[in-house]
There are 2 protein chains.
Amino acid sequence: MQSAEPKLNKNSLLLALRRYSSAVGEMEKTILLPSLLRDVPSNEVWDCEAAEETCRDLYGNYLMLKAIRNTAESSLVLLDDHKTKNNTALNKTLEQLLDTDPEALFHFHLRGLFSVTSNLTKKTQSLTEKYMDIIGVAN
Amino acid sequence: MQSAEPKLNKNSLLLALRRYSSAVGEMEKTILLPSLLRDVPSNEVWDCEAAEETCRDLYGNYLMLKAIRNTAESSLVLLDDHKTKNNTALNKTLEQLLDTDPEALFHFHLRGLFSVTSNLTKKTQSLTEKYMDIIGVAN
């Protein structure tokens, strides 16, 4: 029974949020001149065909990753968040989910938040590495 | 600027999870004989037409609310959670969301988790009141 604990801890939402926060901290510490990221296309980091609004340069990604970290750290929910409100696909999804079993819905969002946070951590690390490439520093 | 803080705190995910946890604690303290809830239909608490699996008696609801509280308290994510896996509607939704802007997706799940947690808190309080009615104690 003892060996199950570290495996469970790895899947803790709080730990995933902390990991993301520390990856962004590392990114900020490394990227001393964020302006070097301007106009560098971000195709490899974000899927540009999927959502037009994420087709920014690496500088846009840098700002976005920092903004999400601030929300993650405070865990504050913007109930009238315009970003989600203006996204019709997400709104449609929300409507469909309202009729769902609340237990499944709880796990769905917990799992979703965990997964998107882990994904953002990887994107942050990848962006940091890309900056190192730009300034010519080997990892 | 000072007055904005309590308003923001009200929308904190951590606070919502704590509120839910305390509502379940209150329910456990009040419901000394959970077996009295057996075979009491739960139509008013859960929407039975929407998801067949939630059509349990109040005793089933009682157990479910406690189980979700345990997950909420540990914030552990069951990545191979069979409840979500077997729900085709949720799986379809997950697939659609994979292509979405990660920032919107983060807010979507944060908002969703906040909203389902607040909803579960209300259901817990309503179940506790129903038990008081059954044993004939006025609120």
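**Two chains of helices, questioned**

Guide: The axes of helix α6(A) and helix α3 (residues 58-74) of chain B come within 10 Å and cross at roughly 10 degrees, and the model in which they do so is a predicted one.

Visitor: Why is α6(A) called roughly parallel to α3(B)?

Guide: The term applies to angles under 35 degrees, and the two axes cross at roughly 10 degrees, so α6(A) counts as roughly parallel to α3(B). On the side of α6(A) the contact is made by A:E103, A:F106, A:H107 and A:L110, while α3(B) brings B:M64, B:A67, B:I68, B:T71 and B:A72. Sorted by class, this contact has six nonpolar, two polar and one charged residues.

Visitor: What makes α2(B) and α6(B) roughly parallel or roughly antiparallel?

Guide: Helix α2 (residues 13-30) of chain B packs against helix α6 (residues 102-134) of chain B at an angle of about 15 degrees, and their axes are 9 Å apart. Because that angle falls under 35 degrees, α2(B) is roughly parallel to α6(B). The crossing of these two helices is left-handed. Among the residues in contact are B:L13, B:A16 and B:L17 of α2(B) and B:L110, B:L113 and B:F114 of α6(B), and by class the contact has 14 nonpolar, six polar and one charged residues.

Visitor: How do you know that the length of helix α2 of chain A agrees with its number of residues?

Guide: At 1.5 Å a residue, its 18 residues (13-30) should span 26 Å, and the C-alpha atoms at its ends are 26 Å apart, so the two values agree. For α6(A), which has 34 residues, the reach from the first C-alpha to the last is 49 Å, close to the 50 Å expected.

Visitor: What makes α6(A) mostly covered?

Guide: In α6(A), 24 of the 34 residues are buried, whereas 47% of the 139 residues of chain A as a whole count as buried. Chain A has six helices and zero strands.

Visitor: How do you know that A:D39 is buried or exposed?

Guide: Exposed means over 50% relative accessible area, and A:D39 has 68%, so A:D39 is exposed. A:D39 lies in the loop between α2 and α3 of chain A. In chain B, B:D39 is likewise placed in the loop between α2 and α3, and at 68% relative accessibility B:D39 also counts as exposed.

Visitor: What is the phi of A:D39, and what is the phi of B:D39?

Guide: Most residues other than glycine have a negative phi. The phi of A:D39, however, is near 65 degrees, a positive value in a residue that is not glycine, and B:D39 has a positive phi of about 65 degrees. Just after α6(A), the glycine A:G136 takes a positive phi of about 80 degrees.

Technical notes:
Residues numbered from 1 in each chain as written. Chains lettered and ligands numbered in written order. Predicted model: local features only at pLDDT ≥ 70, side-chain atom pairs only at ≥ 80, totals over all residues. Heavy atoms only, no water. Axes fitted to C-alpha atoms, helices over the stretch in contact; angles between N-to-C directions. Helix = DSSP H or I, 4+ residues; strand = E, 2+ residues; numbered from the N terminus. Parallel < 35°, antiparallel > 145°, perpendicular 65-115°, else oblique. Left-handed = near helix turned anticlockwise from the far one by under 90°. Contact = heavy atoms within 4.5 Å. Nonpolar A, V, L, I, M, F, W, Y, C, P; charged D, E, K, R; others polar. Expected span 1.5 Å × (residues − 1). Buried < 20%, exposed > 50% of the residue type's maximum accessible area, 1.4 Å probe, protein only.
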